[in-house]
Amino acid sequence: MRRLSLSSRLALLFAACTAVVSLFAGVLFSRASEAHFVELDQQLLDGKLIGLRRALHDIQSSESEIKLADELSRQADLSLRITGSDGQRWYDSSARLPDKLPQRPGLSTLNNNGIDYRVLNAPLFVGKPDSPQLTLLLDITHHQHFLQRMQHLIWLTVGLSALATALLGAWAARSGLRPLRRMSTVASGVSAQSLNARLPEENMPPELAELAHSFNAMLGRLDSSFQRLSAFSADIAHELRTPLSNLLTHTQVTLTRPRPIEDYREALHSNLEELQWMAQLVNDMLYLAKADHGLLMPKREPLELAEEVDVLLEFFAPLAEDARVTLNREGHARMEGDRSMLRRALSNLLDNALRFTPPDGEVRMRIVDQAKGLSLTVENSGAGIDGALLPRLFDRFYRADPARQEGSSEHAGLGLAITQSIVRAHGGQIHCESENGWTRFVIELPRGV
């Protein structure tokens, strides 16, 4: 079966709610009207009972029959039956009275031959066990007809109100869902070439404004991701074009004429360096792809960060000595993490710091043990980075500016992106600050993975 539209569902829901509320209100009104009629009948019969008891005070008197007839003549729809204490029928004011009447004391209802009666049983003499019994019958057929007509009116009102509400609800739902249709139109027109479409949030109702905002934010993220992907593809092509051109040119030149074995060996060594760089680039890209899909699973092993940093500083010490750069480490802390991954991340930061620190400069690594985790900072002296460029430092293939890149194929601009992926895999965050002649990368990590 075809599924109902949202407008149809809302219209049916409105109609059902209206029908239930109308029916409930109608039933309450019907019950209240019926109870009101019962109360009026009770008051009427109680008043007549007092008059009849007064008229029949002396049942043996000849005047009692006259008084009884006079009392009954005042209420045309009232009938009376008098029975003795032994159940024998003494008197019927009408020949149409039923043979069998309710015997229980108090008020009750009886239907006989299509006529409805309200019946009241009471003793003639209160307090006497052998007192004759009075049975008053009040014809309430007109009351019942009124209640039946009212019930028919209630059902008619319920049906008409449900139909009217369904039609109005369908119109209101269709009008209210117009922004959703506009959203559907925008969504159907979204493609790789039209990710800049946005919904007008200012004209949206409050209930849909948040959805429109989320939809626009999603389109913004898609647009940004697509732009980064396009730039990423262009960057890969750009990075691979130079070494591939070098390989082709060098190989073609080598093959133009016969050469000694040593020349071929030198050409192969040169090509090997380019191939190794390309292989490293591909491995780095695969590593980042795993990080994007949450496939980096750090090991959980206890680490003394001071010892790990000292190992790295010892490894970079010869390079720092050649560049006349001083290496320092402050603080210590313990954590649980992946040793090889953290060493790779810190090596990337140290390598960047050494490359961009001028002679007689300084590179410092500070470890701060905090209550909620730990902080590890790698900072170097030298030329700062423009604040507008800081958010893009961790983009792939991004180099801050020509002054901070060497222009060779040795550094493809993936080190900081890999470092960020490793830090995030450990549940931490990394950011860069550059001010007052110092550039620092701050890593905040939890104590465990």
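Predicted model: local features only at pLDDT ≥ 70, side-chain atom pairs only at ≥ 80, totals over all residues.
**Helix 9**

I started with helix 9 (residues 415-425): eight of its eleven residues are buried, so the rest of the structure largely encloses it. For my notes, buried is under 20% relative accessible area, exposed is over 50%, and partly exposed is in between, with a 1.4 Å probe and protein chains only. Helices are DSSP runs of H or I with at least four residues, strands are E runs of at least two, and both are numbered from the N terminus.

Residues are numbered from 1 along each chain as its sequence is written, and side-chain values use heavy atoms, with hydrogens and water left out.

I listed the buried residues of helix 9: Leu416, Ala417, Ile418, Thr419, Gln420, Ser421, Ile422 and Val423. What covers them? I found helix 6 (261-292), helix 8 (339-355), strand 11 (429-435) and strand 12 (438-445) among the covering elements.

**Helix 6 against helix 9**

I looked up this pair next: the axes come within 10 Å and cross at roughly 35°. Axes here are lines fitted to C-alpha atoms, for helices over the stretch in contact, and angles run from 0 to 180 degrees between N-to-C directions. The crossing is left-handed, i.e. the near helix is turned anticlockwise from the far one by less than a right angle (clockwise would be right-handed).

Asp284, Tyr287, Leu288 and Ala291 of helix 6 meet Ala417, Ile418, Ser421 and Ile422 of helix 9, contact being heavy atoms within 4.5 Å. I sorted the residues of this contact into six nonpolar, one polar and one charged. Nonpolar covers Ala, Val, Leu, Ile, Met, Phe, Trp, Tyr, Cys and Pro; charged covers Asp, Glu, Lys and Arg; the others, Gly among them, are polar.

**Past the end of helix 9**

I then checked His426, in the loop between helix 9 and strand 11. Buried or exposed? His426 has 2% relative accessibility, so I put it down as buried. A polar atom of the His426 side chain lies 3.1 Å from the backbone nitrogen of Asp338, and one lies 2.9 Å from the backbone oxygen of Ile422.

Terms used: Polar contact = N/O pair within 3.5 Å; in protein donor to acceptor, adjacent residues only side chain to side chain.
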